Amino acid sequence: MDIKDINIPILSKNIKEGETNKNIFESKGLLTINLISSPGSGKTTLLENIAPILNEQGFPCLVIEGDIATTRDAERISKKEIKCVQINTHGICHLESKMIRKAFEQLDIVNEKILFIENVGNLVCPAEFYLGEHEKIAILSVTEGEDKPEKYPLLFKESSCVLLTKVDLLPFLDLTEDIFISEIRKLNKKAPIFLMSKKDKSSYMEFIEWLIQKHLAIFGGER
């Protein structure tokens with residue numbers, strides 16, 4: 001029997017579509033960030049908190065929301081007066097480049113500088129699909145356990161940085177931040193790791209500065 005591997009052509013086509021996306025994003029001056037995590041790790045909470053600060057610092061943003069169903073996260077983002085468009089995948093566990101382009105065409109770009117893609121909650125499939133992003137970011141909440149990087153290595157190997165969220169809950173767990181960092185470092189020795197808690201808004205500032213520096217490095221300009 002002649003068995004053909006169809007995964008490579010599918011991924012290859014998606015990569016080409018992703019490169020087209022990247023050219024479009026760069027023509028608009030947009031740093032594009034692909035946020036990947038399991039459900040409930042705090043992606044939407046992160047965006048709710050950092051978007052207003054980025055706006056104040058002259059780096060307004062846009063959001064493409066990916067979910068299997070509902071518009072609940074997009075509604076939360078829109079309440080912060082952030083331009084947002086929703087993609088419902090209806091069962092597909094990841095976003096693909098063509099979906100992103102179709103959603104992006106619905107956004108009214110004025111002076112925004114950062115495009116966030118909040119991927120479908122999943123640590124496996126989204127890591128395999130390039131969407132045209134400049135940076136892929138892994139988000140891990142401490143309540144998920146320290147074993148997730150080793151169980152889902154691709155995402156943590158390829159991420160430009162890792163956000164460890166809900167760190168205010170560490171005192172209630174038999175874990176420390178050092179354990180999480182050690183597990184991440186087994187897979188990725190270079191990516192910065194930012195510790196965050198929505199209880200401490202200042203914990204977002206290092207990541208915000210990292211984003212701004214990424215934008216300036218690609219597009220130039222001054223703050």
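Start by selecting strand 2 (residues 61-67) and strand 4 (residues 114-118): the two pair in the parallel sense over five bridges. Strands here are DSSP runs of E of at least two residues, helices are runs of H or I of at least four, and both are numbered from the N terminus; two strands pair if DSSP finds at least two bridges between them. The model is predicted, so local features need pLDDT of at least 70 and side-chain atom pairs count only at pLDDT 80 or more, while totals for chains, interfaces and linings use all residues. Residues are numbered from 1 along each chain as its sequence is written, and side-chain values use heavy atoms, with hydrogens and water left out.

**Strand 4 and its neighbours**

Pick L62 next; its bridge partner in strand 4 is L115.

Now show the side chains of strand 4. Five of its five residues are buried, where buried means under 20% relative accessible area, exposed over 50% and partly exposed in between (1.4 Å probe, protein chains only). In a regular strand, side chains alternate between the two faces of the sheet. In strand 4 both faces are covered: I114, F116 and E118 are buried on one side, and L115 and I117 on the other.

K113 lies over the face of F59, at 4.8 Å from the ring centre; a charge sits over a ring if NZ of Lys or CZ of Arg is within 6 Å of the ring centre and within 35 degrees of the ring normal.

Move to helix 4 (residues 97-104). Six of its eight residues are buried: S97, M99, I100, R101, A103 and F104.

Rings of Phe, Tyr and Trp (its six-membered ring) pair if their centres lie within 6.5 Å; planes under 30 degrees apart count as stacked, over 60 as edge-to-face and the rest as tilted.

**Helix 8**

Why is the pair of F207 and W210 stacked? Their ring centres are 5.9 Å apart and their planes lie at 20°, so the pair meets the stacked class. F207 and W210 are three residues apart in helix 8 (residues 205-219), which separates them by about one helical turn. F207 counts as buried at 0% relative accessibility, and W210 does so at 13%.

**Zoom out**

Finally, show the whole protein chain, with its eight helices and seven strands. Its radius of gyration (over C-alpha atoms) is 17 Å. The globule rule, 2.2 Å times the number of residues to the power 0.38, gives a close 17 Å for 223 residues, so the chain is as compact as a globular protein of that length. Along its principal axes the C-alpha trace spans about 55 × 50 × 35 Å. Buried residues make up 50% of the 223.
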